[in-house]
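Subject: Structure handover

Hello,

Please find the structure below, followed by notes on what was found in it.

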Amino acid sequence: MRLIAANWKMHKTVSETQEYISKFLKFVEHPESREILLCPPFTSLYVAGKLLEGTGVKLGAQNCFYEKEGAFTGEISLPMLKEIGCSYVIVGHSERRHIFGESDETINRKLVACLEEGIRPILCVGEKLEDREAGMTFKVVETQIRLALSGIEEHIDRIDIAYEPVWAIGTGVPATPEDAVAVHRFIKELIKDLNPKSEGKTRILYGGSVKPGNASEFMKHSEIEGLLVGGASLDPESFAKIVYSF
Ligand code: PGA
């Protein structure tokens with residue numbers, strides 16, 4: 001089933017979250033025909049989890065730490081997220097990599113921890129503009145995936161991957177569906193090489209300036225098995241249009 005995920009980033013207080021969800025749920029019909037995921041900030045997760053109970057809409061976090069507990073000031077563990085109903089975590093988002101300096105090694109440890117805890121990670125990968133211009137897109141994506149999945153290749157079927165070109169995130173300039181499809185095909189081949197049994201189980205999502213006006217252009221390609229939506233997910237009606245764009 002295709003996955004349409006909202007990444008709210010650092011937006012919405014608890015009361016704004018309540019307001020959003022009560023509006024959004026009015027638009028949700030047949031949630032069983034697609035997987036719908038909301039990833040609010042940490043402070044809103046508990047209340048969002050309560051409001052989403054029994055609706056079929058899933059809850060995810062935007063980040064996590066890999067240790068279960070301990071002296072890690074400011075961090076949030078996977079058992080904490082699991083107890084409040086998170087079934088997904090976004091790992092290695094480009095803003096985590098480039099603003100907060102998250103390394104491939106850290107991302108790998110987070111993925112290992114998600115698998116141990118039984119939370120499904122969405123691993124984000126994508127090239128910067130200078131990589132694309134230098135013809136390095138496939139190489140960069142391949143390196144990110146190989147390092148992220150190092151040592152856990154046998155569990156790739158329990159991970160989804162979002163291809164998000166860095167130059168398309170929050171810029172209003174999405175990749176063309178054709179360029180996205182080319183990278184999605186490449187990722188599919190790569191993960192098939194890493195683990196043939198993962199075929200058909202790891203979904204490849206596209207992210208980067210997805211809007212209600214362009215979502216169907218992506219979703220008409222079978223290689224695009226979902227979307228990770230930032231800015232356009234902040235309004236419940238706009239996100240609902242994207243969810244039902246296919
Ligand atoms: P955007 O963000 O839709 O605002 O481009 C996507 C993302 O960062 O996941």
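A residue is called buried here if its relative accessible area is under 20%, exposed if it is over 50%, and partly exposed in between, with a 1.4 Å probe and protein chains only. The model is predicted, so local features need pLDDT of at least 70 and side-chain atom pairs count only at pLDDT 80 or more, while totals for chains, interfaces and linings use all residues. Residues are numbered from 1 along each chain as its sequence is written, and side-chain values use heavy atoms, with hydrogens and water left out.

Asparagine 214

By that definition asparagine 214 is buried, at a relative accessible area of 15%. Asparagine 214 sits in the loop between β7 (204–207) and α9 (215–219); helices (H or I, at least four residues) and strands (E, at least two) are DSSP runs numbered from the N terminus. A polar atom of its side chain is 3.0 Å from the backbone oxygen of serine 209, and a polar atom of the side chain of asparagine 214 is 2.7 Å from the backbone nitrogen of lysine 211. Such polar contacts are pairs of N or O atoms within 3.5 Å; within protein, one must be able to donate a hydrogen and the other to accept it, and residues adjacent in sequence count only if both atoms are side-chain atoms. Leaving out residues up to four places away in sequence, asparagine 214 touches Pro174 and Ser209, contact being heavy atoms within 4.5 Å.

Ligand

Of the 13 residues around the ligand (a heavy atom within 4 Å), Lys9, His93, Glu164, Gly170 and Ser209 come nearest. A polar side-chain atom of histidine 93 is 2.6 Å from a ligand oxygen atom. On the backbone side, a polar atom of glycine 170 is 2.6 Å from an oxygen atom of the ligand, and one of glycine 230 is 2.8 Å from a ligand oxygen atom. The protein covers 96% of the 280 Å² of accessible area that the ligand has on its own (Shrake-Rupley method, 1.4 Å probe; for residues, only the protein chains shown count as cover).

Helices

Helix α1 (residues 14–27) has 14 residues and spans 21 Å between its end C-alpha atoms, close to the expected 20 Å, which is 1.5 Å times one less than the number of residues. Thr17, Tyr20, Ile21 and Phe24 are buried in α1. They lie on the same side of α1 because they cover an arc of only 100° around the axis, taken from the directions from the helix axis to the C-beta atoms. Their cover includes β2 (35–39), α2 (42–52) and α10 (236–243).

In α8, the buried residues include Ile187, Leu190 and Ile191.

Regards
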